[in-house]
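Thanks for passing this one over. Here are my notes, in a few numbered points.

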Amino acid sequence: MNEHLDIQLIAIVTAVACALPGVFLVLRRMTLMSDAISHAILPGIVLAFFLTESLSSPLLILAAAGTGVLTVLLVELLQRTKLVKEDAAIGLTFPALFSIGVILISRFAGNVHLDMDVVLLGELAYAPLNRLKAFGYDLGPIALYVMGTILVLNTVFIFVFYKELKLATFDASLAAALGFAPTLIHYGLMTLVSVTTVGAFDAVGSILVVALIAGPPTTAYLMTDKLSLMLILSAIIGSVNAVSGYWLASLFDVSIAGAIATMTLIVFGLIFLTVPNRGLIAIARRDARQKWEFAQTMLVIHLFNHEGLPEAEAESAIADLHEHLSWDPTFTNQVVRYALNNRCVSQDERQLTLTEQGRAIAQQALVQ
Amino acid sequence: MQTSEPKAIEVTDLTVAYQDKPVLWDIDLDVPPGVLLSIVGPNGAGKTTLIKAILGLVRPAAGNILIYNKPYEAQRRIVSYVPQRGSVDWDFPTNVLDVVMMGRYGALGWVRRPGKKDRELAMHALEKVGMEAYTTRQISQLSGGQQQRVFLARALVQDATVYLMDEPFQGVDATTERAIVTLLQDLRANGKTVVVVHHDLQTVTDYFDWVMLLNIRRIASGPVDETFTPNNLRETYGGRIAFMK
């Protein structure tokens with residue numbers, strides 16, 4: 001296996017592993033929590049590092065995951081006092097824990113390899129260098145095995161408890177009433193997020209973890225109304241972001257993590273603009289159409305109200321229409337053309353006359 | 001211990017407090033089987049809290065709650081709950097049939113997925129509330145009345161004995177209100193016990209046969225014609241109500 005392939009595989013596996021629990025975080029409006037966890041696990045990593053004096057010990061992942069769950073617990077305790085709102089509770093908790101980690105590193109680990117830059121941004125480019133070797137064979141990069149295990153863990157958890165996760169996310173009180181222990185499910189999910197974050201963090205750094213967790217599910221949410229499809233789309237989008245980000249980074253010789261985060265935003269932006277029905281472009285089109293439809297309705301109602309009356313000739317003269325309606329003359333002409341195209345009115349010489357269809361529209365609008 | 005038939009719901013000396021602020025003070029309530037009971041009282045009277053306490057969703061500071069002589073944990077399967085419509089996120093990516101099927105989750109238990117039979121039961125419940133044409137509709141595209149019908153269908157599919165409903169008439173149109181009332185009366189006719197948190201005093205006598213007047217403490221409860229009196233209402237709402245009868 002070459003290095004290109006190794007890095008892309010690690011990126012894809014990490015992206016999918018993050019996107020799956022990310023779907024539930026997005027639906028629970030808890031994406032900020034992943035940000036908090038990804039920072040607050042630092043003291044856990046540092047303490048476990050002091051104990052084991054190794055950066056690859058599995059204890060590191062466990063300690064960090066523990067700190068992650070502790071973060072969630074602290075935030076919820078603060079929130080439960082009702083003196084602090086959720087966002088403020090998050091804002092207070094994770095910098096405090098993170099800074100404990102920073103102080104520990106600067107005081108006791110000044111000459112050890114525990115680099116702040118790598119912690120924040122990670123370095124995918126180095127991930128393939130750390131390889132798993134057994135019996136003289138090279139079995140591939142360790143990061144791939146770590147993230148692969150986490151991906152399997154996440155997939156199995158979500159597959160097995162899909163129904164419970166769905167119910168607890170949509171309607172926690174019904175879940176509790178039916179005996180499904182939503183708190184247990186909540187902490188199960190949070191443990192998963194913590195483990196995922198720690199694993200991913202080593203490969204891609206804490207900033208990219210948040211992009212991987214929040215980006216693809218938010219994008220997928222725009223595209224579907226079905227939870228199962230949202231999970232699948234999130235996984236696909238995460239992979240697309242990972243691969244395209246990798247090639248973007250190779251092309252411009254920049255940080256891979258940075259490029260993947262950038263692609264996450266670009267892909268979100270593209271979907272946000274173009275997705276049918278609820279994308280920005282579709283909404284703008286609909287608004288524009290509604291504007292003309294409404295103007296047309298005003299026009300036919302105006303004609304309808306004066307139809308057959310002595311003043312009808314004056315009220316329906318195209319040249320004077322803009323004065324009667326107090327519209328801009330150009331706009332008036334456009335509306336008249338729009339209504340002519342839709343066969344709501346017909347034009348004979350300088351007068352507008354309602355067609356059957358136009359009259360029906362006016363009547364219907366007035367009834368409502 | 002009385003030898004008469006068991007109460008559907010029996011609440012004794014129930015106090016619920018948030019910190020030291022009581023939300024419910026020493027509530028006693030007996031609901032006989034097969035009645036259609038409304039809980040009325042001003043905002044902040046503790047109506048929703050009472051329902052949640054019966055369902056074990058809030059922890060009482062004192063008192064006891066029994067459903068057919070057993071605690072709620074032992075009776076989950078015979079109790080069905082309709083939360084307030086506003087308590088969930090209707091932008092959740094799911095459709096009408098799927099939400100109704102959630103009512104089957106209790107019977108399924110952990111891990112087991114709903115199957116064909118559950119789907120059929122859900123369809124049947126949707127027919128009962130007149131929503132069978134909306135099975136694949138995304139839930140965010142429903143009107144308030146339709147959302148409420150979906151919630152009712154979800155409760156019906158549980159095929160419970162006791163139904164607890166939190167403001168099912170909140171913000172629904174007149175047609176839906178009629179449909180819900182018919183549904184509630186059908187449930188009672190089939191021997192079910194239905195408890196409804198209700199806001200509209202004008203309709204209490206028309207829709208319900210029992211009423212509980214609540215304002216942190218229980219003012220009165222019993223058959224509507226004995227209990228729903230101007231005196232009791234005045235005591236429940238203080239001087240703040242001009243109620244003609």
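How many bridges join strand β1 of chain B to β2(B)?

1. Seven bridges do, and β1 (residues 9-18) runs antiparallel to β2(B). Strands count as paired if DSSP finds at least two bridges between them; strands are DSSP runs of E with at least two residues, helices runs of H or I with at least four, both numbered from the N terminus.

2. Before you go on: this is a predicted model, where local features need pLDDT of at least 70 and side-chain atom pairs pLDDT 80 or more, while totals for chains, interfaces and linings use all residues. Residues are numbered from 1 along each chain as written, chains are lettered from A and ligands numbered from 1 in written order, and side-chain values use heavy atoms, without hydrogens and water.

3. The open sheet in chain B has three strands in the order β2-β1-β4, paired antiparallel. At the edges sit β2 (21-31) and β4 (62-67), each pairing on one side only.

4. Helix α1 (residues 47-54) of chain B lies across β1, β2 and β4 of that chain, at about 115° to β1(B). Angles run from 0 to 180 degrees between N-to-C directions, with axes fitted to C-alpha atoms, for helices over the stretch in contact (contact: heavy atoms within 4.5 Å).

5. Over in chain A, A:Thr219 belongs to helix α10 (residues 182-223). A:Thr219 counts as buried because its relative accessibility is 1% (buried is under 20% relative accessible area, exposed over 50%, partly exposed in between, with a 1.4 Å probe and protein chains only). Not counting residues up to four places away in sequence, A:Thr219 touches A:Ile237, A:Val267, A:Phe268 and A:Ile271.
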